[in-house]
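Here is a short briefing on one protein chain. Keep the sequence and the 3D view side by side as you read.

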Amino acid sequence: MYLHRHVRRRQARDPRDRCRIWREAYRDFQNAGIRLQTTDVNGEIQRSPGGRPVFLGLKRGVINMVITDNVPMHWDQARGLSGISTIHEGYHLSMISMKRAHTHRVPFFSVNTCVHELLHVIFQDIYLPRQSTFKAGQLEARVDWQATRMWLFPGGDEIRKAAEAYLERASRLQ
Ligand SMILES: [Zn+2]
């Protein structure tokens, strides 16, 4: 699976910390039979006059992983999110707030932020319209459950099948 990673030059967080989160995500996906391939670009987020974030250098047909200090207000709405995944102007986008992102902490409740966000993409939650709180809670629970399985019981092929289905759908809609 191909990730187009947008990294900003200056970031509050220690790069070693960042590496730990990524290393763990790579390992988990690798264990599930999915190899994450990444290219890094220098990402920049600007803001349109109307307040919508404008990302420079997004690519179609790949998952754009935007590594930033904070999730832009447009999505965050003062909730202090560690990440968000969505389709933004046709681009598939996973955004990670490096101030809040973390490695696996507590099974089912607090899992690796990168794994969590990528699973929202793989399970195609990004295609869904905005969900009610209840439904959104169910989607969160599914992702955290799958991330926990990848972390503690590697080897299942459900994630791989889901990833294949996602890639198939993404390529059809390009
Ligand atoms: Zn989530």
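This is a predicted model: local features need pLDDT of at least 70, side-chain atom pairs count only at pLDDT 80 or more; totals for chains, interfaces and linings use all residues.

The chain has five helices and seven strands. Five of the strands form an open sheet. Helix α3 packs on that sheet.

**The whole chain**

- Starting at the N terminus, the elements follow the order β-α-β-β-β-β-α-β-β-α-α-α.
- The radius of gyration is 15 Å, close to the 16 Å that the globule rule gives for 174 residues, so the chain is as compact as a globular protein of that length.
- Along the principal axes, the C-alpha atoms fill a box of roughly 45 × 40 × 35 Å.
- Buried residues make up 29% of the 174 in the chain.
- Take the contacts with a separation of 6 or more: 72% of them involve residues 24 or more positions apart.

**The sheet**

- Strands of a sheet pair through backbone hydrogen bonds, and the pairing is either parallel or antiparallel.
- In this open sheet the order is β2-β1-β5-β7-β6, and the pairing is mixed.
- On average, neighbouring strands are turned by 25° against each other, direction ignored.
- Strand β1 (residues 2–7) and β2 run parallel, joined by six bridges.
- Within β2, T39 stands opposite H4.

**Helix α3**

- Which strands does helix α3 touch? Helix α3 (residues 113–122) touches β5 (63–68), β6 and β7 (91–97) as it packs on the sheet.
- The direction of α3 makes about 160° with that of β7.
- Ten of the ten residues of α3 are buried, so this helix is largely enclosed by the rest of the structure.
- Among these buried residues are T113, C114, H116, E117 and I122.
- After α3 comes Q124, which has a positive phi, near 65°.

**Residue R20**

- Look for R20 in helix α1 (residues 15–31).
- A buried residue needs 20 or more, and an exposed one has 12 or fewer.
- R20 and S85 are 65 residues apart in sequence. In space, their C-alpha atoms are 21 Å apart.

Notes:
Residues are numbered from 1 along each chain as its sequence is written. Two strands pair if DSSP finds at least two bridges between them. Helices (H or I, at least four residues) and strands (E, at least two) are DSSP runs, numbered from the N terminus. Axes are lines fitted to C-alpha atoms, for helices over the stretch in contact, and angles run from 0 to 180 degrees between N-to-C directions. Two residues are in contact if their C-beta atoms, placed from the backbone, lie within 7 Å. The radius of gyration is taken over C-alpha atoms; the globule rule is 2.2 Å times the number of residues to the power 0.38.
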